[in-house]
Amino acid sequence: MVKIGWEKILPPRTIARDVVNPPQHMLQQMGASYNFTHAYVIYNTDQKVFWVALILHFSFSIFFAWLLIYMVQYRKVAWAGLWQGTFYGFLIWVIWHLILMPLLGTTPAAI
């Protein structure tokens, strides 16, 4: 939940950027159809929840959380456990949101 809240403000999402959110856009870049990436369920009678993007976000978070646990517990990578993973989470955010996604054309550059 922290990741989703963090993404709403850093880098800021404009209305134009949120029409097709980054997970939907990335899946479309990989060949997924618009209908698939924009599949949704209705929540609370009027809110669309785009379940495909939500699953991608949670899968991303679960994978990188698993990777942190693996590095700390089994590979004894000391820097990965520094400050309970704060540095690790910040590093993942910088790599994906500020470097990779803009380079791939998924999102506009934050700067």
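At 6% relative accessibility, Thr106 counts as buried, where buried means under 20% relative accessible area, exposed over 50% and partly exposed in between (1.4 Å probe, protein chains only). This comes from a predicted model in which local features need pLDDT of at least 70 and side-chain atom pairs count only at pLDDT 80 or more, while totals for chains, interfaces and linings use all residues. Residues are numbered from 1 along each chain as its sequence is written, and side-chain values use heavy atoms, with hydrogens and water left out.

Thr106 lies in the segment after helix 6, helices being DSSP runs (H or I, at least four residues) numbered from the N terminus. Among the residues that Thr106 touches, not counting those up to four places away in sequence, are His25 and Met101, contact meaning heavy atoms within 4.5 Å. Helix 6 itself is followed by Gly105, whose phi is positive, near 80°, and the buried residues of this helix are Tyr88, Ile92, Trp93, His97, Met101 and Pro102.

A search of the whole structure finds ten aromatic pairs, in which rings of Phe, Tyr and Trp (its six-membered ring) have centres within 6.5 Å, planes under 30 degrees apart counting as stacked, over 60 as edge-to-face and the rest as tilted. The rings of Phe36 and Trp51 have centres 6.4 Å apart and planes at 85°, so this pair is edge-to-face. Because Phe36 lies in helix 4 (residues 34-37) and Trp51 in helix 5 (residues 51-73), the pair ties together parts that are 15 residues apart in sequence. Phe36 is partly exposed, with a relative accessible area of 41%.

Note on methods
Helices (H or I, at least four residues) and strands (E, at least two) are DSSP runs, numbered from the N terminus.
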